[in-house]
Amino acid sequence: MSYGQKVNIIDIDYNWTLINYARATDGVYFFTLFKSVIISFITTFLCLLIATPVAFYISFSSVRIKSILLVSILLPLWTNLLIRTYSLIALLRTKGHVNNALENLWESANYFLNLFRLANHNLIGESFTPLSLMHNNFSVILGLVYIYVPFMIIPIYLVLEKIDRNILEASYDLGANHKVTFFKIIMPNISVGIISGIILVFIPCLGSFIIPELLGGADSQMIGNIIERQFKSANDWPFGSALSFILIYITIIILGVRYVYSKLYSRLNQKGVS
Amino acid sequence: MRNKYHISRRNFLAGTSATAIGLTLMPFSLGANDQDQLNFYNWDDYIGEDTLSDFASITGVKTNIDFFADNDELFSKLREGNPGYDIIVPSDIYVEKMTKAGMLDRIDQDKISNMGNIDVNFLNPIFDPNRDYSMPYMWGTIGIGYNKKQLRNTPDSWSHIYDSEIYSGNISLLSEATDVIACALKYLGYSANTKSTKEYKEAEELLIAQKKHIKVFAEDNGQDLLASGDVLMAQEYNGDIAQVMLEDDNISYIVPKEGSIIWEDCLCIPKDAPHKENAHKFIDFILRADIGAELADYIQYATPNKAAKDLMDDEYKSNPAIFPADETVKLCENMLYQGEEVSRMIQDTWTRILAS
């Protein structure tokens, strides 16, 4: 369909035209795509930062706690994405739970200051101004991290589970400290999991449109929103298809890079062994 | 134990998906050969509580109802052929679009005995001359919903949200390209249905300059943002604001003095409707004065049915969120379908505004 052309309201002429791809090279689309890549990149990085310690903690806790933690990570995934996003709206909006909690804190702090007759010094501001947590790029990234972090935790956890604990003990027995053990033994073993996690987070982030639509502000358009609009209000399916295909091509390139990496990695490993 | 759990869960899933498929297919596959049925595709919560059961007891026709969330959903569903609906409720511009795309059937006006109840102003709309393909259902406007308590003066002009920094960060606009740009054109003194590239360019510059003061382009939830205090002024459809006005006395609605967009939802019969006879009966039934009044009372939108309006109380007739002043209505315009080139220009303008 991406090689077709609209002839009237509903008919599309499939004539192998490249006009849709030519249109996609326009600066606006390139800029939005670039912005989506940056946002996805930041999200993936934050997910990695959060997921690694969590995965370690789960992996090294006792069997009972482990299952409780795993369930508590997986359980939210059973709820619809839309509902999880709306719950974030309830938290973040101007009169949401976070701002309410902060306001309560401010009031109690003010009360204590009053007790010590310090209120007139405006130590904590004259009145409480709610933080604007919603409708900006911050809330979009927060939403994306919240939604996608389980997809980073699980693969890292799985590869951690596969590491034979005897190897770690052997490493300590042979005099390595925590740092050396981490970088020499654990890191090489979990890198595969990290890369799977990065792919599982980065790719859906790049195409997401519900989260920027609900949590974002006037400035949070991502490429997914443009694509969605082509299929809905703009009613331009050929152009929407072309934009989606560009995203798919990017995904294929990323997967290709991963494939090459894993080949190189296993070759290096074999050399190390022999 | 574990094994048992697995089996039961799988059975459970299989069971639910089977019911889900049954639910989506059943009414219309059965309805196709049963002559006493009517398949009605409507907006959610957009029909009176007893309307359908009254219709059934009078005519013996059972109505199956299915819901869509916006015109785009309706359009996409019927684009590749009618899946079995007899009555649909598109808005004005979509009536025109679907007529031009050959997706609607002519309404046989001889079968609509209650057509005389319709207000004369609605008998020859610009999007469907002579009402060949559509009958009016409800109408309304786009305007500004605002918080009376926290604003210093009434936002009686589009300038308050399109060209002012006084309430920077407390404004929400709609997220539909055509609506936002059309209101910008009205503010600039142009027609909402212009084809001039230059005028669209001006609207684009206006919106790009104003964008830093706009909190969000709200996806049909401007009324919630207003009610929750996230914004002080929201560009919205009147009906949505009327809903929150019922709950919050501080909220009010106004149609700016430059004029605005009038929307009109219509009853139409899509091509290849399986129960065309019943569809005509249904339209005729909806246009009855008493039924129209019952509908208007429940939905709280403006009715184009003059006979029905006469039956309503003053509270309804004088509600500013339902009926704007006559002078304002004269300045308002119906949106028209301008052809693919202009549509694309509007969409590209919108993409640029959002990306800037």
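Two strands are taken as paired if DSSP finds at least two bridges between them. By that criterion, chain B holds an open sheet of 3 strands in the order 2-1-3, with parallel pairing. Strands here (E, at least two residues) and helices (H or I, at least four) are DSSP runs, numbered from the N terminus. The model is predicted: local features need pLDDT of at least 70, side-chain atom pairs count only at pLDDT 80 or more, and totals for chains, interfaces and linings use all residues. Residues are numbered from 1 along each chain as its sequence is written, while chains are lettered from A and ligands numbered from 1 in the order in which they are written.

- Strand 1 (residues 37-43) of chain B runs parallel to strand 2 of chain B, and 7 bridges join them.
- Within this pairing, Trp43(B) has Phe68(B) in strand 2 of chain B as its bridge partner.

**Strand 10 of chain B**

- A residue is buried if 20 or more other C-beta atoms lie within 10 Å of its own, exposed if 12 or fewer, and partly exposed in between, with C-beta atoms placed from the backbone.
- Strand 10 (residues 261-267) of chain B is largely enclosed by the rest of the structure, because 7 of its 7 residues are buried.
- In a regular strand the side chains alternate between the two faces of the sheet.
- In strand 10 of chain B, Ile261(B), Trp263(B), Asp265(B) and Leu267(B) point one way, and Ile262(B), Glu264(B) and Cys266(B) point the other way.
- Strand 5 (residues 135-147) of chain B pairs with strand 10 of chain B in the antiparallel sense over 6 bridges, and Pro136(B) stands opposite Cys266(B).
- Strand 12 (residues 333-334) of chain B pairs with strand 10 of chain B in the parallel sense over 2 bridges, where Asn334(B) is the bridge partner of Ile262(B).

**Domains and nonpolar cores**

- Chain B is assigned domain 1 (32-134 + 268-317) and domain 2 (140-262 + 325-355), with bounds that come from an automatic or database domain assignment.
- The C-alpha centres of domain 1 and domain 2 of chain B are 28 Å apart.
- Contact (C-beta atoms, placed from the backbone, within 7 Å) links 11 residues of domain 1 of chain B with 7 residues of domain 2 of chain B.
- The side of domain 1 of chain B that touches domain 2 of chain B has 6 nonpolar, 1 polar and 4 charged residues; Ala, Val, Leu, Ile, Met, Phe, Trp, Tyr, Cys and Pro count as nonpolar, Asp, Glu, Lys and Arg as charged, and the others, Gly among them, as polar.
- A nonpolar core is a set of buried Ala, Val, Leu, Ile, Met, Phe, Trp, Tyr and Cys residues joined through C-beta atoms within 7 Å.
- In the largest nonpolar core, of 98 residues, the members that touch the most others are Ile87(B), Ile181(B), Ala184(B), Met233(B), Ile261(B) and Leu267(B).
- Helix 6 (residues 177-187) of chain B contributes the most to this core, with 8 residues.
- This core lies between domain 1 and domain 2 of chain B, because both give residues to it.
- Not counting residues up to four places away in sequence, Met233(B) touches residues including Ile144(B), Tyr146(B), Pro155(B) and His160(B).
- Another core, of 41 residues, lies apart from the largest one and includes Leu144(A), Tyr148(A), Ile154(A) and Ile211(A).

**Chain A and its interface**

- The contact between the chains takes 21 residues from chain A and 23 residues from chain B.
- On the side of chain A that touches chain B, helix 2 (27-59) and helix 10 (223-231) of chain A each give two or more residues, and helix 2 of chain A has the largest share, 3 residues.
- By class, that side of chain A has 7 nonpolar, 7 polar and 7 charged residues.
- Helix 8 (residues 178-207) of chain A bends by about 50° at Met187(A), with Pro188(A) following within four residues; the bend is the angle between axes fitted to the seven residues ending at a residue and the seven starting there.
- Buried residues of helix 8 of chain A include Ile190(A), Gly193(A), Val201(A) and Phe202(A).

**Loop residues of chain B**

- Asp45(B) lies in the loop between strand 1 and helix 2 (51-59) of chain B, and its phi is near 55°, a positive value in a residue other than glycine.
- Asp45(B) is exposed, because 9 other C-beta atoms lie within 10 Å.
- Gln300(B), in the loop between helix 11 (289-299) and helix 12 (306-310) of chain B, has phi near 60°.
- With 18 other C-beta atoms within 10 Å, Gln300(B) is partly exposed.

Key:
Contact = placed C-beta atoms within 7 Å.
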